[in-house]
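Reader: Hi! Could you walk me through this one?
Author: Happy to, here it is.
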Amino acid sequence: MTGAPTFDPEFRKRLHELLMWRRDVRRFRTDPLPEGTLERLLDIANLAPSVGLSQPWRFVIVEDPVRRQAVRQIFADANAAALAGYADERGKLYATLKLAGLDNAPIQFACFADRGTSQGSELGRQTMPEMIEYSVVAALNTLWLAARAEGLGLGWVSILDPARLAAALEVPSQWTLIGYLCLGYAEKDDLTPELERAGWEQRRPSSDFIIRR
């Protein structure tokens, strides 16, 4: 390919629609995905920018039923502890929320950041070592958008004990958990985030988060 591609107004409009429809999915159908879908999406994630071209993302595909059950228990324990931290009406509302798609999502995988990688020769990391984790988040967001473009839903499970999860998946000690992901077809697509529909929080406009100096 020679020269940068040109993206016309229609493409930009569709891209905006894609961003609007990228939802955190927790309610999945059990239908299997076409063979090779996850591998193709991981190839796309690998196109994401990374500090020093370090590509520090490490994906662990979780297929073993015993390990999946261990993850389910880790979530249940962490969720119970989180619930205990809320009181009154907030606690009652929290108890009704569906916060993970671990029971039905056909594909589950964990994503780790490898701070021990020598790739990139630490360029950009000596002042901000956390750029390793930020790079992995960029890869996950890239995958998330690609999945949505194929009509798939992705759910990011963060209510987990990172140390217990790392032990259950037997990963190297220098890897840091970024997220545990569920992937599949959503039971129902909706433009409004589920937490907003449930009354947990309302989305605020970008102007609320902009400061000019």
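Author: A term to begin with: helices (H or I, at least four residues) and strands (E, at least two) are DSSP runs, numbered from the N terminus. Read that way, the chain runs α-α-β-α-α-β-α-β-α-β-α along its sequence. This is a predicted model, where local features need pLDDT of at least 70, side-chain atom pairs count only at pLDDT 80 or more, and totals for chains, interfaces and linings use all residues. Residues are numbered from 1 along each chain as its sequence is written, and side-chain values use heavy atoms, with hydrogens and water left out.

Reader: Thanks! How many helices and strands does the chain have?
Author: Seven helices and four strands.

Reader: Changing topic, which helix holds E133?
Author: E133 belongs to helix 5, which covers residues 131-149.

Reader: And is E133 buried or exposed?
Author: E133 counts as buried, because its relative accessibility is 13%.

Reader: What does E133 touch, then?
Author: Beyond its neighbours within four places in sequence, E133 is in contact (heavy atoms within 4.5 Å) with A113, R115, T176 and I178.

Reader: Nice. What about contacts across the chain?
Author: Among contacts with a separation of 6 or more, 83% are between residues 24 or more positions apart.

Reader: Last one: what are the spans of the C-alpha trace?
Author: About 55 × 50 × 45 Å along the principal axes of the chain.

Conventions. Buried < 20%, exposed > 50% of the residue type's maximum accessible area, 1.4 Å probe, protein only.
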